[in-house]
Amino acid sequence: MADFGFNEHHQSEIINYMRFARSKRLLRLKTIDSCFEELKDSRLVEDTFTVDEVREMLDGLQMVVRGEVEMELINTAHTNVLLLRQIFSQAEKFYLRLQSDISELENRELLEQVAEFEKTDFKIANKINQETSKPKLAPLNEGGVSELLKKEITKLQEENDKLKSRLRTLESQAMSALDEKTKAERALKDLQRTQGEQKLFAQTKEINSLEDTVAALKEDYERSLSANAASQKDLKETLITAKHDLLRVQEQLALAEKELEKKFQQTAAYRNMKEILTKKNEQIKEIRKRLQKYEPDD
């Protein structure tokens, strides 16, 4: 049996196609034979013919045979295109890219092998592979390259899905971290503002409390003027102590205000204002010098 490099299944498909092509070829040959028979029955009824009559009959027969042969060649070409379309469609399903070598179609050695195969092995294989005749080409062997391609594609798709899931998880974590950072910064600013307000409120409350204490002590002092000297002395000392406390607190408040003013002086706005005032003073001095030149001597 001739060897074309195919397995049993593919060789059976080739035999089916050759059977189909042979049936078409035999049908077309019968048609051509009928054309000759028709010419014999319809025109060859006399014993002698002129040259013009023979030429006319041959020209008509040539046109009919030419039409039949041309139709068969066109039909064969179109049939081959449909067969290639089926093969390429099945290959694309398994992500295969097929290529053809047109020059091999005129390889005399291979053509002779095909002819030998059609003469000898075609009849034997026809008896063995009758059950394999189907209207469509069967899929590629599931245990061969196609199965490996399927597994590899499935594996790549699974890895791709895992990477996409991991990317979505990382994006979610990044967004959560960014939100937490924003919340922490906002909370820190709120805490600093609250602490400053609480500190100022505590100082103001302490001053108010001391003022209330001084007022109360003063009231007690005025109410106790008629008391004995010892009581007056104690009240006076208490009043002096309260005043000292008030002065100390006021001094602390003044220091705090100076610190705030010092911090303000260190800001860019204060430095800009100071620089502007310095330039204005220099301009005023310059204008005064110029005015003095135009004043009278007295």
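Asp245 and Arg248 sit together in helix H6, 3 residues apart, which is about one turn of the helix. (Helices here are DSSP runs of H or I with at least four residues, numbered from the N terminus.) Asp245 and Arg248 pair up in a salt bridge, with their closest N and O atoms 2.8 Å apart; the term covers a side-chain nitrogen of Lys or Arg within 4 Å of a carboxyl oxygen of Asp or Glu. Asp245 counts as partly exposed because its relative accessibility is 23%, and Arg248 gets the same label at 42%. For those labels, buried means under 20% relative accessible area, exposed means over 50%, and partly exposed is what falls in between, with a 1.4 Å probe and protein chains only.

A word on what you're looking at: this is a predicted model, where local features need pLDDT of at least 70 and side-chain atom pairs count only at pLDDT 80 or more, while totals for chains, interfaces and linings use all residues. Residues are numbered from 1 along each chain as its sequence is written, and side-chain values use heavy atoms, with hydrogens and water left out.

Back to the charges. How many salt bridges are there by this rule? The count comes to 7. One of them is in helix H2, which covers residues 51–93: the side chains of Arg55 and Asp52 meet there at 3.3 Å, N to O. These two are 3 residues apart in H2, again about one turn of the helix. Arg55 is partly exposed at 46% relative accessibility, whereas Asp52 reaches 57% and so counts as exposed.

Helix H7 (residues 268–294) holds another pair, Lys279 and Glu275, 4 residues apart and about one turn of the helix from each other. Their side chains meet in a salt bridge at 3.6 Å, N to O. Lys279 has a relative accessible area of 46%, so it is partly exposed, and Glu275, at 43%, is partly exposed too. Elsewhere, salt bridges with shared partners tie Arg28, Glu68 and Glu72 into one network.

Leu84, Ile87, Phe88 and Leu98 make a nonpolar surface patch of about 320 Å². Patches are built from residues with over 30% relative accessible area and no salt bridge; like charges are joined within 9 Å, and nonpolar side chains (Val, Leu, Ile, Met, Phe, Trp, Tyr) within 5 Å. The areas come from the Shrake-Rupley method with a 1.4 Å probe, and for residues only the protein chains shown count as cover. Ile87 lies in helix H2 and is partly exposed because its relative accessibility is 34%. Ile87 and Leu98 are 11 residues apart along the chain, with 8.9 Å between their C-alpha atoms.

Finally, look at the second largest pocket, with a volume of about 290 Å³. Which helix gives the most to its lining? That's H6, with 7 residues. Helix H5 (145–223) and helix H6 (229–265) each supply at least two lining residues. Among the residues lining this pocket are Gly196, Lys199, Gln252, Leu253, Glu257 and Lys263. The lining splits into 4 nonpolar, 3 polar and 4 charged residues; Ala, Val, Leu, Ile, Met, Phe, Trp, Tyr, Cys and Pro count as nonpolar, Asp, Glu, Lys and Arg as charged, and the others, Gly among them, as polar. A pocket is an open set of points on a 1 Å grid over the protein atoms alone, where a 1.4 Å probe fits, with protein on both sides within 12 Å along at least five of seven lines; lining residues have an atom within 4 Å of a point.

Definitions and conventions
Grid points are joined across faces, edges and corners, and a volume is the space filled by probe spheres set on the points.
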